[in-house]
Amino acid sequence: MTSPQTTPRKPRRVRHALAAGAVALSLSAGGATAWALDRFVIQHVEIADVSAYQAAQSGTTGTGTGTTSDSGSAAGGGAVTTGTSYTSGSSSINISTVTTGSGDSTVTYYVADVVLDDATTLRSAFANDSFGENITETTSAIAEDNNAVFAINGDYYGFRDTGIVIRNGVVFRDEGARQGLAFYRDGTVKVYDETTTTAEQLVADGVWNTLSFGPSLLDNGQVAAGIEDVEVDTNFGNHSIQGEQPRTAVGVIDDNHLVFVVVDGRSPGYSAGVTMTGLAEIMQGLGATTAYNIDGGGSSTMYFNGSLVNNPLGQNKERGTSDILYIAQ
């Protein structure tokens, strides 16, 4: 197995001024401030060229962003694209907008109904094509770097150092901590307990991608119990994901038939956001039998055909994230 690269190359779109400022502050500040800067601001690059690393691990020859492995290919020629849809062969993406309520109780969310010709068509990419902590780009920037026709924000793996991270069939982290979501090469998608298995075993069982956030929203089509009390992280400043919030979720309707939902929030009159139970009910209404919550708040974003679909925080401004799920053109 090829060892991860430990010397970071110069990443794209890195905010050098912010990083330099953070370092300076960390040197002059003491105690908790220095710790917080190191933990949440300063980049810690573990693998500087993920594309090359994935190619080496999977035995493919492609390098650079936007490449695909021999087990899955990006959608090719003959694709038909409209303002809200994309079709290529037996794969399809259909985007719709839903608005409910009125006044300050208005909720606006965006639905992508996705049918895949092959499960490995749904891929993952990291910010700056690098793996580690505190490495961020916007969903749109990562999508453009990877020639994506469709993308949503991922689980923000780079905010934490726990969780099983398998992307495009390659293991990046094996620190089981919570409920995860596993996408298999055969088109099935399952919620699983990270603490009862290993990344190596998951890959052996055919897992293509994992997400580590949660909670699970639906159990056999029914709203999961206790979802309003889940704490995904218990580190400083991130204890709760409750209340009416912007949300992103993945739902499973059938093998290779997925539904992605991004709910905007914190914008009275446009979209208040939803509770975890409200998100589960949206997924249930779309026909999902399994559904899973991923990173939300200002990170909740949906991208399609060169443009941002939703309106994060009502400001038309994306917040950086560490990873995306996408479908290439």
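Reader: Which residues do ring pairs link into a cluster?

Author: Tyr53, Phe126, Phe131, Tyr157 and Phe172. The model is predicted, so local features need pLDDT of at least 70 and side-chain atom pairs pLDDT 80 or more, while totals for chains, interfaces and linings use all residues. Numbering starts from 1 along each chain as its sequence is written, and side-chain values use heavy atoms, without hydrogens or water.

Reader: Why is the pair of Phe131 and Tyr157 called stacked?

Author: Planes under 30 degrees apart count as stacked, over 60 as edge-to-face, and the rest as tilted. The angle for Phe131 and Tyr157 is 5°, so the pair is stacked.

Reader: Where in the chain do Phe131 and Tyr157 sit?

Author: Phe131 is in strand S7 (residues 131-133). Tyr157 is in the loop between strand S8 (148-153) and strand S9 (163-167). The two are 26 residues apart and link distant parts of the chain. Strands (E, at least two residues) and helices (H or I, at least four) are DSSP runs, numbered from the N terminus. Phe131 and Tyr157 are both buried.

Reader: Why is the pair of Phe150 and Phe260 called tilted?

Author: Phe150 and Phe260 lie 5.5 Å apart, centre to centre, with 50° between the planes. Phe150 is in S8 and Phe260 in strand S17 (residues 257-263), 110 residues apart.

Reader: How do you know that Phe150 and Phe260 are buried?

Author: Buried means under 20% relative accessible area, exposed over 50%, and partly exposed in between (1.4 Å probe, protein chains only). Phe150 is at 0%, so it is buried. Phe260 is also at 0%, so the conclusion is buried again.

Reader: Which residues have the most contacts inside the largest nonpolar core?

Author: Phe150 and Phe260, in a core of 48 residues. A nonpolar core joins buried Ala, Val, Leu, Ile, Met, Phe, Trp, Tyr and Cys through side-chain atoms within 4.5 Å. A second, separate core of 11 residues includes Ala143, Ala151, Tyr303 and Ala328.

Reader: What makes Ser140 and Glu318 a polar contact?

Author: A polar contact is a pair of N or O atoms within 3.5 Å; within protein, one must be able to donate a hydrogen and the other to accept it, and residues adjacent in sequence count only through side-chain atoms on both sides. The side chains of Ser140 and Glu318 are joined at 2.6 Å. Ser140 belongs to helix H4 (residues 139-145).

Reader: Is Ser140 buried or exposed, and why?

Author: Buried, because its relative accessible area is 9%.

Reader: Which residues of strand S6 are buried on each face?

Author: Leu122, Ser124 and Phe126 are buried on one side, Arg123 and Ala125 on the other.

Reader: What makes S6 and strand S21 a pair?

Author: Two strands pair if DSSP finds at least two bridges between them. S6 and S21 (residues 323-328) have 5 bridges and run antiparallel, so they pair. Arg123 stands opposite Tyr326 in S21.

Methods
Phe/Tyr/Trp six-rings, centres within 6.5 Å; stacked < 30°, edge-to-face > 60°.
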